[in-house]
Amino acid sequence: MAQKNTVAPLARDFIARASAAETDLRAKSRAPAAERLLIVNGPIFTGGADFALLDGHGLLLEDGRVAKIAPISELPAQGARRIDARGKLVMPGLINAHMHFYSTLVRGLGKAAPAHDFNGVLRNLWWRLDRKLTLEDTYISSLVMMLAAVRCGTTTLIDHHASPEAIPGSLVRIGRAGLETGLRIGLAYEISDRDGPRAAAEGLAENADAVRFCRQRGGEHLRGLVGLHASFTLSDQTLARAHARAAYLGVGCHIHCAEAASDQEDCLARHGVRVVERLRRWGILGPRTIAAHAVHVDQSEIETLAATGTMVVHNPQSNLNNAVGIADIVAMRAAGVLVGLGTDAMTVNMLEELRVALWAQHYGRRDPAPGFMESTGALFSGNPVIAERIWGLPLGRLREGAPADVILVDYDPPTPLDTGSALGHIVFGVSQSAVDTTIVAGRVLMENKVLKLDIDEERVAARSRELAAALWQRF
Ligand SMILES: [Zn+2]
């Protein structure tokens with residue numbers, strides 16, 4: 001191809017591989033343009049570790065950034081489109097720090113044999129399913145869940161993908177859906193030795209390709225990590241290669257860590273060390289790496305996670321659903337571990353996940369007192385730090401100069417709402433309300449509960465049903 005020196009291979013892939021069916025789902029390839037917006041009349045929950053609830057303030061969004069947060073009288077009266085937030089709570093866009101978009105296509109599938117432990121769930125369901133995924137399955141399932149995320153006010157999602165028979169180009173498909181919806185998406189392919197050396201090599205290459213694609217085409221929206229499945233499906237050689245590739249690319253890793261007790265049993269039996277120690281020895285841990293789950297870690301492993309600055313992502317709904325246990329996020333936070341919140345694809349509704357995180361801590365401890373600050377902290381202070389480390393942008397906090405990722409949620413507080421009561425309102429009330437408006441980088445993706453994207457939602461759902469039916473036949 002004549003442009004090979006000017007058009008990067010992945011950019012060509014992005015253009016050339018799009019099938020007619022995929023292209024037809026949208027009329028144009030861009031999300032709406034950033035606007036100059038003035039959001040007034042609603043209380044503002046600023047997010048972050050030092051969050052505040054600001055009353056009588058407004059928010060000026062300009063050039064994709066929060067230009068000003070100030071009392072209404074100090075904000076410009078003209079020159080910006082006004083969004084009336086009366087009867088709504090203004091919040092930073094929510095962050096999902098561990099997701100698998102492809103899981104969408106399993107919804108309602110009744111063909112998997114019942115499994116009575118975590119490895120059975122993987123063998124009977126996930127590893128049967130992901131081997132049958134095509135590139136279009138990956139693209140459509142991502143688009144479906146991204147549209148759902150816009151409706152839930154989740155503006156940043158860190159994905160972890162697997163499609164062992166359709167690896168090359170898979171992350172580019174997810175990235176493309178991210179660019180089309182205007183969300184911020186973290187990409188990673190979960191490298192594993194479970195499907196043999198070809199898939200392990202392709203997984204490694206796909207992560208590297210995705211990191212380059214994000215740098216060429218992703219702007220402030222896409223970021224790549226080096227994904228790894230889990231200790232029990234990874235050889236020493238593959239861990240070493242992944243570490244080397246991540247170091248070369250200057251990115252962290254994203255791996256499932258001690259999700260079930262069986263991961264520890266396997267690691268001790270085959271390698272003579274516990275999972276966190278094995279990952280540390282191979283250079284996988286560190287301040288740019290996500291260790292998802294960490295359900296079965298002991299105190300020494302918690303101290304290693306803290307000492308290495310590794311980002312732990314808690315996924316309570318998935319852990320309860322798979323009956324693997326409840327991560328001790330109270331102990332982890334006390335030890336100084338950075339803990340965030342993900343959904344592991346159970347939902348894209350972060351406020352639902354937050355509630356379950358809290359109930360899980362209470363039930364797991366048979367004590368309804370602890371866990372509130374740890375659960376809310378995972379979502380509102382942990383996730384912003386995780387996103388900032390990966391994006392290099394102060395996401396998840398409404399501050400002057402921060403990216404203009406803002407949501408409005410229907411809420412008329414029935415009790416006093418201020419900085420001291422805000423988290424209680426969010427867990428027990430705001431979580432039960434509808435998201436009205438979703439803005440990312442100053443672009444309005446949804447307003448008055450109507451999507452503003454130029455994507456045909458009905459056709460996306462229809463195509464997804466067709467692809468899922470075919471996938472279930474192959475399953
Ligand atoms: Zn996961």
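Which residues in H4 and H5 meet each other? Before the answer, a word on what is shown. This is a predicted model, in which local features need pLDDT of at least 70 and side-chain atom pairs count only at pLDDT 80 or more, while totals for chains, interfaces and linings use all residues. Residues are numbered from 1 along each chain as its sequence is written, and side-chain values use heavy atoms, with hydrogens and water left out. Helices (H or I, at least four residues) and strands (E, at least two) are DSSP runs, numbered from the N terminus.

Now the answer. On the H4 side they are Leu135, Glu136, Thr138, Tyr139, Ser142, Leu143, Met146 and Leu147, and on the H5 side Ser170, Arg173, Ile174, Arg176, Ala177, Gly178, Glu180 and Thr181. Contact here means heavy atoms within 4.5 Å. The axes of H4 and H5, which is residues 170–181, come within 8 Å and cross at roughly 30°. That makes H4 roughly parallel to H5. Axes are lines fitted to C-alpha atoms, for helices over the stretch in contact, and angles run from 0 to 180 degrees between N-to-C directions. Angles under 35 degrees count as roughly parallel, over 145 as roughly antiparallel, 65 to 115 as roughly perpendicular, and the rest as oblique.

H4, residues 135–152, also packs against H16, residues 457–474, at an angle of about 135° with the axes 9 Å apart. That makes H4 oblique to H16. Among the residues that meet there are Ile140, Val144 and Arg151 in H4, and Val460, Leu467 and Leu471 in H16.

H5 in turn packs on H6 at about 30°, with 9 Å between the axes. H5 is therefore roughly parallel to H6. H5 contributes Ser170, Leu171, Val172, Gly175 and Leu179 to the contact, and H6 contributes Glu206, Asn207, Ala210, Phe213 and Arg217.

How far apart are the end C-alpha atoms of H6? They are 31 Å apart, which agrees with the 32 Å that its 22 residues, 196–217, should span at 1.5 Å a residue. The expected span is 1.5 Å times one less than the number of residues. The buried residues of H6 include Gly203, Leu204, Asn207, Ala210 and Cys214; buried means under 20% relative accessible area, exposed over 50%, and partly exposed in between, with a 1.4 Å probe and protein chains only. After H6 comes Gly219, with a positive phi near 50°.

On to the cysteines. A search of the whole structure finds zero disulfides, a disulfide being a pair of cysteine sulfur atoms within 2.5 Å. For Cys214, the nearest cysteine sulfur is that of Cys253, 15 Å away. Cys214 is buried, at 4% relative accessibility. For Cys253, the closest cysteine sulfur is in Cys257, 12 Å away and so too far for a bond. Cys253 is buried as well, at 3%.

Asn383 sits in H14, residues 372–391, and is buried with a relative accessible area of 0%. Leaving out residues up to four places away in sequence, Asn383 touches Ile95, Asn96, Ala97, Gly340, Leu341, Met350 and Ala378.

Most residues other than glycine have a negative phi. His293 has a positive phi, near 90°; it lies in strand E14, residues 290–293, and is buried at 0%. Ala323 also has a positive phi, near 55°. Ala323 is in the loop between H11 and H12, and is exposed at 68%.
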